[in-house]
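Here are my notes on the model, point by point. Please read them with the structure open.

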Amino acid sequence: MLRSAKVHAMTSTKTADVCVYGGTPAGCVAAMTAHQEGASVILIEPSRWLGGMLSAGIKPRQDCPVPAAVGGLTRDVILELGEDPRDILRGFHEWIAGAGLPVIFERRVRSVRRDGNRIVALQLETSQPDRWGVPLPASESVADVVVAASVFIDASYEGDVMALAGVPYRTGRESRDAFGEQVAGVCPVTNWTPIDPYAVPGDSGSGLLPHLEADHGRPVGAADEYTQAYNFRWYATTDPARRAEFTPPADYDPADYELIRRYVRHQGDDLEALRGVFPGWLNSGEYNYQRASLFSNAPLGLSRAYQDGDWDERSRIWRLHIDYLRGLHHFLSTDPAVPTEFRAETAAYGLDASVFPDTYGWPPQLYVRVSRRLHGQYTVTHADVLNHTDPADSVGLALFGVDIYPTRRIPHRHPRTGQLGVATEGDMFIGGHMGTGTPYPISYRAITPKRSDCGNLLVPVCLSATHVGYAATRMEPVFCVLAESAAVAAVQALAKQIDVQDIDSDALQSRILERRQVITWS
């Protein structure tokens, strides 16, 4: 079990050639690459765990449909970390510690100091997670460490360095017209179910039930501020030796689950449909969100406030994901509307505390599928995903379907009958796991800001892409590939004392090919 060091006030400035922000898989790869390329490195991780979502439930090979399309450290190290989160977490910590790379844990960026078009230093603040892994609210953090560097790599899921540096970025969904993406923007509804959405059935004046929001009314294809749902990739067990009991939230009120109660009654004795609600979809040993269900094991709509929120808001939303699952478990275990057999089945489940012992069974990372997206020199769109482009400055390949989980749950009238019901909106999976079957290149310009915005920052995770383009590109192996290339670029820019936009593309590609990266597909 990993233990957190005591947090001491530190006022010194730490300095390195390259500062990598975020101990995600991409951040670890970037730090190791910069070190191997001869630069001094500081890695900053807001939690006390390295490995991001690969240490919190996702398997390294799970979202890598064609392993031959990745190379370098991603193929040699990341894909070989195993399938068990305990082994993956241990592997990341041993890999980084074995190289002697300095890591600043439990610190996150509070502000960014700039000089012209360059970042000079990061002001950090304390960010110790609580016993369930929930990040410290901003209102409770304390500014302390300053990190100065020549080049910065933002490998976080939130893109906080990018944002605090004033680099332009996007959130939400673009319209169809913005980039000519026919599947962009507001989508046709899914999972429509004939249940009444109002507190008093038939009375719109009584208000919508909890777990619903009013439809904003924008047409299919329009832009909005929503993004796809987050959730935990969590492990369940009925084994008393490993079982951490679900407990209801302190403010649990069965009335808050009236909409789910109506859904349960609508499903009758269809236990398989109810299992889509809880525990969800058994993905690869861990439970994931069941997109084909009107309800599943995570709330909808909260991600839109997380993506550009401060850490007071994000901490609240992270905890709401925990409390939703706790409350859902208690409701389905106790409510008389739930079939007796399913109540007993649900009550037997607990979190598997042996998988995430540091956090009593809760995964230490919320699955932030997408948040901010860099507004960079090149924007990855659906055309890239469909292999309709061929940027000459490729620094890695990606391959997956356009994978978007629901964004909202709204009242909706059936398009043919006019009957009022409830539906989800926003989810799609175009092309499935294999996408087009042909890996597509990611331009170096998609991980670099415009020169006037910042000359010494690279962004391999919150890269420049549309909502649709990002949805196919957002896989951990891809982030790792781009991070290795970003780190090579950072060291080349450092050596020549130039902006990251000015490095020689041929020299960059030559070096990453020497590192056995894969940047073209025949």
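**Notes on the predicted model**

1. E106 comes first. E106 sits in the loop between β3 (103–105) and β4 (107–115). Strands here are DSSP runs of E with at least two residues, helices are runs of H or I with at least four, and both are numbered from the N terminus. The phi of E106 is near 55°, a positive value in a residue other than glycine. E106 is buried, at a relative accessible area of 3%. Buried means under 20% relative accessible area, exposed means over 50%, and partly exposed lies in between (1.4 Å probe, protein chains only).

2. On the basis of the work: this is a predicted model, in which local features need pLDDT of at least 70 and side-chain atom pairs count only at pLDDT 80 or more, while totals for chains, interfaces and linings use all residues. Residues are numbered from 1 along each chain as its sequence is written, and side-chain values use heavy atoms, with hydrogens and water left out.

3. H211 also needs a look at its backbone. Its phi is positive, about 75°, although H211 is not a glycine. H211 lies in the loop between β10 (203–208) and β11 (236–237). At 26% relative accessibility, H211 is partly exposed.

4. Check the peptide bond from F278 to P279. That bond is cis, with omega near 5°. P279 belongs to the loop between α7 (271–277) and β13 (281–282).

5. How accessible is S371, and where does S371 lie? S371 is buried, with a relative accessible area of 0%. Its place is the loop between β15 (350–352) and β16 (373–374). The S371 side chain reaches the backbone oxygen of Y157 at 2.5 Å. A polar contact is a pair of N or O atoms within 3.5 Å; within protein, one must be able to donate a hydrogen and the other to accept it, and residues adjacent in sequence count only if both atoms are side-chain atoms. Neighbours within four places in sequence aside, S371 is in contact (heavy atoms within 4.5 Å) with Y157, E158, R170, T171, Y230, Q307 and C462.

6. Now a sheet. Three strands form an open sheet in the order β11-β15-β12, with antiparallel pairing. Its edge strands are β11 and β12 (243–244), each pairing on one side only. Two strands pair if DSSP finds at least two bridges between them. β11 and β15 pair over two bridges. A236 has L351 in β15 as its bridge partner.

7. The largest pocket has a volume of about 530 Å³. Its lining has 20 residues, of which H211, P299, L302, L320 and Y324 lie nearest the centre. A pocket is an open set of points on a 1 Å grid over the protein atoms alone, with protein on both sides within 12 Å along at least five of seven lines; a cavity is a set where a 1.4 Å probe fits but cannot get out; lining residues have an atom within 4 Å of a point. The largest share of the pocket lining, three residues, comes from α9.

8. A search of the whole structure finds four of 30 Å³ or more. The largest cavity has a volume of about 290 Å³. A volume is the space filled by probe spheres set on the grid points, which are joined across faces, edges and corners. E45, P46, S47, W318 and Q365 lie nearest the centre of the largest cavity, among 22 lining residues.
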